[in-house]
Amino acid sequence: MMERLQGTGSKDEDEKVKDEDQEETVDEKIERLRMEIHYLFVQVREKLTNLPPITKPPVPAPLLELRRAIKEKDMERELLLEEQRASKVVEEYLQENPAILEKVDDCPICLEPIFDVDAAVTFYCCGKPTCGSCAEPLSAAGNDICPLCREEFPSDGESLSILRRKAAAGKAWAQCNLGRTFLHGSSGLEVDEQKAESLFRNAADQGYSQAQFLLGIIELDRNNTDHFEAAASQGHMSALGRLGIYYFIGLGVAKDDMKAVRLMTVSSKLQTTERRAHEMLGECFALGVGGLDVSMV
């Protein structure tokens, strides 16, 4: 710390410290990469100019290295540009839909909104959800005590009993999780899709977004977007991504490439579990639709 005090070093040293303290902005980094790419192209032209006129492949190693460097820097620049685009789309979407931030659950550990609902974990002892990022270290550490209610985590057998009891009491989170248990035939239960759908509907009627999303999955063959719409309005980003896909292919809604790209961008930025929106957004880049630049594929 002492060497950073004014007057403790030479003028050049003080200016160097000042430069180190100034963090490069994204715009500055993009511009720097653009200039570096331009300089590399200049070197390529110089080397091509100096080649004998009858030179044929293989391409000289220095040129290959320059081409590789240009490609890497251009990719880094394009990723930064896409990060800027996606962040702006998310910011505008949340500004236009402020109710989402009021409806979405906050993780009680990190206090961040739980947009990636599919990755969230609900502790059966107290029924409180946590984001996947906070729940994963707890599971890896093998903790036996819930960090929220300070009770011991129930065993697998106890968890099913708790789900049944709380679902019967009308707890939406328990109804949804019990429904998933029946849907997948886990915890010793036989697969029962009708029972699962009934439980999902009970939870969805209470406005539980994950149940609304799962109902939308069950009704995919009916081309019904109502459940996805309901879940997305509460900040369920996987549901929002599915809606984007529907708008892109025109399934159950009028085809709208601009809206599709916008919804899939928000979904892909705020959640990572539902990969279909990510993959379809890549298709939109490849086709150059919805305002996306095909050159950034």
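A nonpolar core is a set of buried Ala, Val, Leu, Ile, Met, Phe, Trp, Tyr and Cys residues joined through side-chain atoms within 4.5 Å, where buried means under 20% relative accessible area, exposed over 50% and partly exposed in between (1.4 Å probe, protein chains only). The model is predicted, so local features need pLDDT of at least 70 and side-chain atom pairs count only at pLDDT 80 or more, while totals for chains, interfaces and linings use all residues. Residues are numbered from 1 along each chain as its sequence is written, and side-chain values use heavy atoms, with hydrogens and water left out.

**Overall make-up**

- The chain has 13 helices and two strands; these are DSSP runs (helices H or I, at least four residues; strands E, at least two), numbered from the N terminus.
- Of its 297 residues, 36% count as buried.
- The accessible surface of the chain is about 17,800 Å², with 51% belonging to carbon and sulfur atoms; the areas come from the Shrake-Rupley method with a 1.4 Å probe, and for residues only the protein chains shown count as cover.
- Among contacts (heavy atoms within 4.5 Å) between residues at least 6 apart in sequence, 47% join residues at least 24 apart.

**Nonpolar cores**

- The largest nonpolar core has 50 residues, of which Y93, L178, L240, F248, M264, V266 and C284 touch the most other members.
- Helix α11 (residues 237-249) gives the most to this core, with eight residues.
- V266 is in contact with V89, V90, Y93, M237 and L240, leaving aside its neighbours within four places in sequence.
- Another core, of six residues, lies apart from it and includes I37, L40, V44 and L63.

**Largest pocket**

- The largest pocket has a volume of about 590 Å³, the volume being the space filled by probe spheres set on grid points that are joined across faces, edges and corners.
- A pocket here is an open set of points on a 1 Å grid over the protein atoms alone, where a 1.4 Å probe fits, with protein on both sides within 12 Å along at least five of seven lines; lining residues have an atom within 4 Å of a point.
- Of the 26 lining residues, V117, T122, P129, Y208 and Q210 are the closest to the pocket centre.
- The elements that give two or more residues to the lining are β1 (121-123), α7 (172-184) and α9 (209-218), and the largest share, six residues, comes from α7.
- By class, the lining has 10 nonpolar, 12 polar and four charged residues; Ala, Val, Leu, Ile, Met, Phe, Trp, Tyr, Cys and Pro count as nonpolar, Asp, Glu, Lys and Arg as charged, and the others, Gly among them, as polar.

**Buried residues**

- N177, in helix α7, counts as buried because its relative accessibility is 16%.
- Beyond neighbours within four places in sequence, N177 is in contact with Y124 and L163.
- S209, in helix α9, is buried at a relative accessible area of 15%, and its contacts beyond four places in sequence are A231, Q234 and H236.
- F115 lies in the loop between α4 (99-103) and β1 and is buried at 10% relative accessibility.
- Not counting residues up to four places away, F115 touches I100, L101, V104, G235, M237, L270 and Q271.
- The C-alpha atoms of F115 and L270 are separated by 6.1 Å, although the two are 155 residues apart along the chain.

**Positive phi outside glycine**

- L111 is not a glycine but has a positive phi of about 70°.
- L111 is found in the loop between α4 and β1 and is exposed, with a relative accessible area of 61%.
- R150, also not a glycine, has a positive phi of about 65°.
- R150 lies in the loop between α5 (132-141) and α6 (156-168) and is exposed at 57%.
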